[in-house]
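Notes below, in the order I looked things up.

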Amino acid sequence: METQYDYRKFAILYVDDEEKSLKAFARAFGDDFRIFTAANARDGAKIIEEKKSEIAILMTDQKMPGEKGTWLLERARQIEPRIIRMLVTAYTDFQDAIDAINTGAVYRYVNKPWDPPQLEVTLRHAMEFFLVTHERDQLYQEKMSVLRNLMVADRLVSLGLLAAGLSHHIRNALVAVKTFLDLAPLKMQEEKQDANTVRHPEFWGEYHRGVHLQIDKINTLLKELWMASEKPALRFADEVKLQEVITLTTDSLKSALAEKGIQVENNIAGELPALHVDKAKFCRLFELLLRDEMANLPPGSRVAFSAKLLDGPKPEIEILVTDNGPGLPKDAAGVLFDPFVVRADAPGEFGINLMACFFIVHHHGGHIEASSEEGGGTQFHLRLPLKPDRDLADLSNNLIEK
């Protein structure tokens, strides 16, 4: 009879201390199911830890030397709650089965000795239940991902509109402030010491330079906000090699890196497949990452790039950017990409570089996260699809046009 279910997509783990029973189970069901076996509960738990993403059903005997079957069922629930758990008991151990069911540890129990035809029906039903539940969870995750992308895209557009609206008014105001500051040095030279107030030219000169620096930072803030919300290129038509992009970016910042004494290691293999990207934004991504590292790392630090291909229905490249800096305080990584939260490691920075990185990665259908420990450096984890969905660019364009 034809069925829509692939019973070999996931495996069944059978645990029993009787070798004869393990061989009989594999012989009876090995043609229709993928089978793992273990001779005791501890070995069974190790298999679950190593292959939890592959296992659909755990079936275990109750009475075994060492830990009992109910211990393994509870351990499996802690490691991977989605695994369907089944307990094999003799009639004399019926109370064990009742206790396991009452505590929610098992899907059902099986009498020992088990009857192969009847057990096959039970295993098929359990596998079908697992497959349907797994498919439901995947669909839910996909829908949540779409919702997240919509929310991020909407925030991107909102920030762009905010930047565009503020830029006109703030820049006009800054023109007047900057004009005043340009005339201030002349006025300072004309001033003479007052009887009650001593004016120090060095102080005013430093103050003058500091205000100019803050004006430049405000201009940068507005520019980066606008660029982050800029209408994306269609169809991601550019093909780039990641190794070459990192090399070119590092070369473009060579003088600044040398001045700070920061070394960059490009450990990315040249044979990785090309990425389809919006090249201007993609190159900007790694420039901003390196600029943020230069702003926050002490002299003599090291930054390393590595990457690997993740095969699957939608192949991705996983990129790891690590440094050997002092790391971040506890809980700081969670707000690292928010420009409106003050960085504990660099309170004078706006955080715009990393916010722009977040939006560029999102624009390409990817994800970026940061992790860190005080004294252990910071790591940026990026995942980018080889070919972003065309709908991403269309979606961003539609939101911006609205």
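What follows are my entries on a peptide bond, some salt bridges and a sheet.

**Entry 1: the cis bond.** I kept in mind that this is a predicted model. I looked at the peptide bond between K112 and P113 and found it cis, with omega at about 5 degrees.

**Entry 2: D61 and K112.** I then checked what K112 does with its side chain. K112 makes a salt bridge to D61, and the closest N and O atoms are 3.0 Å apart. The two come from distant parts of the chain: D61 belongs to strand β3 (residues 55-61), K112 to the loop between β5 and α5, and 51 residues separate them. Is D61 buried or exposed? I got a relative accessible area of 5% for D61, and the cut-off for buried is under 20%, so D61 counts as buried.

**Entry 3: the wider count.** I listed the salt bridges for the model and got 17. I also looked for shared partners: D16, E18, D61 and K112 are joined into one network by salt bridges.

**Entry 4: R302 and E265.** Next I picked a pair on strands. R302 and E265 form a salt bridge at 3.9 Å, N to O. R302 is in strand β9 (residues 302-310) and E265 in strand β7 (residues 263-266), so this pair ties together parts 37 residues apart in sequence. Both ends come out partly exposed: R302 has 29% relative accessibility, and E265 has a relative accessible area of 30%.

**Entry 5: K308 and E318.** The N to O distance is 3.6 Å. K308 is partly exposed at 44%, and E318 is partly exposed at 26%.

**Entry 6: the sheet.** I traced the strand order of the open sheet as β7-β9-β10-β12-β11, 5 strands with mixed pairing. β7 and β11 (367-372) are the edge strands, each pairing on one side only. Neighbouring strands are turned by 15 degrees against each other on average, direction ignored. I looked at β10 and β12 (residues 378-385) too: they run antiparallel, joined by 7 bridges. E318 turned up again here, opposite R383 in β12.

**Entry 7: helices on the sheet.** Helix α7 (residues 242-252) packs on the sheet and touches β7, β9 and β10; its direction makes about 165 degrees with that of β7. Helix α9 (residues 279-296) also packs on the sheet, touching β7, β9, β10 and β12, and its direction makes about 175 degrees with that of β12.

Terms used:
Residues numbered from 1 in each chain as written. Predicted model: local features only at pLDDT ≥ 70, side-chain atom pairs only at ≥ 80, totals over all residues. Heavy atoms only, no water. Salt bridge = Lys/Arg side-chain N within 4 Å of Asp/Glu carboxyl O. Helix = DSSP H or I, 4+ residues; strand = E, 2+ residues; numbered from the N terminus. Buried < 20%, exposed > 50% of the residue type's maximum accessible area, 1.4 Å probe, protein only. Pairing = 2+ DSSP bridges. Axes fitted to C-alpha atoms, helices over the stretch in contact; angles between N-to-C directions. Contact = heavy atoms within 4.5 Å.
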